[in-house]
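Me: I'm new to looking at protein models. Can you help me learn how to read one, feature by feature?

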Amino acid sequence: MEVKINREIRNYTESMFFGLSMRQFVFAIVGVGAAVGMYFVLRPFFGTETLSWMCMLCAAPFMAMGFITYNGMTAEQFAWVWIKSKFIEPQKVKFECDTLYSGVSQKSKKKEEKSV
């Protein structure tokens, strides 16, 4: 009998349905629902091939949200951090060099301005 153990225990996810975690399964169901809904809404307007591509493109973001993590954050956490950093708490970043050369050059510029 062999038991597989992850090298990094923090990366462990429990499989609930069909080898997927609960989060992945829920987002897969949401993606399938979006694709089916888009199929019935757009069926009178497009052909089968075009409609199938549109359904896949509609379902892809929902399914990706269940599987993709970025810097250890889920898709919702990443979206919230991005919105916060861009819109809620924007910061102006001012570059100031603090090297010896920059200090000397700024002093010499000030002396030139005073002498002119």
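Predicted model: local features only at pLDDT ≥ 70, side-chain atom pairs only at ≥ 80, totals over all residues.

Me: Which residues gather in a patch of positive charge on the surface here?

Reply: Look for Lys107, Lys110, Lys111 and Lys114, which form a positively charged surface patch. One of them, lysine 111, sits in helix α4, residues 100–115.

Me: Is lysine 111 buried, partly exposed or exposed?

Reply: The general idea is a pair of cut-offs: buried means under 20% relative accessible area, and exposed means over 50%. Lysine 111 has 62% relative accessibility, so it counts as exposed.

Me: Which residues form a nonpolar patch on the surface?

Reply: Here you join nonpolar side chains within 5 Å of each other. In this model the patch is Tyr70, Phe78, Trp80, Val81, Trp82, Ile83, Phe87 and Ile88, and together they have about 820 Å² of accessible area. Take tryptophan 80 as an example: it lies in helix α3, residues 75–88. Tryptophan 80 counts as partly exposed because its relative accessibility is 48%.

Me: Okay, let's zoom out. How many helices and strands does the protein have?

Reply: There are 4 helices and 0 strands. Reading from the N terminus, the order of elements is simply α-α-α-α.

Me: What about salt bridges? How do I read those?

Reply: Side chains of opposite charge can pair when their charged atoms come close. The cut-off is a side-chain nitrogen of Lys or Arg within 4 Å of a carboxyl oxygen of Asp or Glu. By that rule you get 1 salt bridge in this model. Its partners are the side chains of arginine 23 and glutamate 76, at 3.0 Å from N to O. The pair ties together distant parts of the chain, since arginine 23 is in helix α1 (residues 22–42) and glutamate 76 is in helix α3, 53 residues apart.

Me: How exposed are arginine 23 and glutamate 76?

Reply: Arginine 23 is partly exposed, with a relative accessible area of 26%. Glutamate 76 also counts as partly exposed, at 35% relative accessibility.

Me: Now for the inside. Which residues make up the largest nonpolar core?

Reply: A core is a set of buried nonpolar residues joined through side-chain atoms within 4.5 Å. The largest one here has 5 residues: Ala35, Leu42, Leu51, Cys55 and Ala59. Helices α1 and α2 (48–67) each give two or more residues to this core, and α2 gives the most, with 3. Across the whole protein, buried residues make up 16% of the 116 residues.

Me: Where is cysteine 55 found, and is it buried or exposed?

Reply: You'll find cysteine 55 in helix α2. Cysteine 55 is buried, because its relative accessible area is 10%.

Me: One last thing: which residue has a positive phi although it is not a glycine?

Reply: That's asparagine 71, with a phi of about 55°. Asparagine 71 is in the loop between α2 and α3, and it is exposed, with a relative accessible area of 66%.

Technical notes. Residues numbered from 1 in each chain as written. Heavy atoms only, no water. Patch = residues over 30% accessible without salt bridge, like charges linked within 9 Å, V, L, I, M, F, W, Y side chains within 5 Å. Areas by Shrake-Rupley, 256 points an atom, 1.4 Å probe, with all protein chains shown as cover. Lys, Arg positive; Asp, Glu negative; His and termini not counted. Charge placed at Lys NZ, Arg CZ, Asp CG, Glu CD. Buried < 20%, exposed > 50% of the residue type's maximum accessible area, 1.4 Å probe, protein only.
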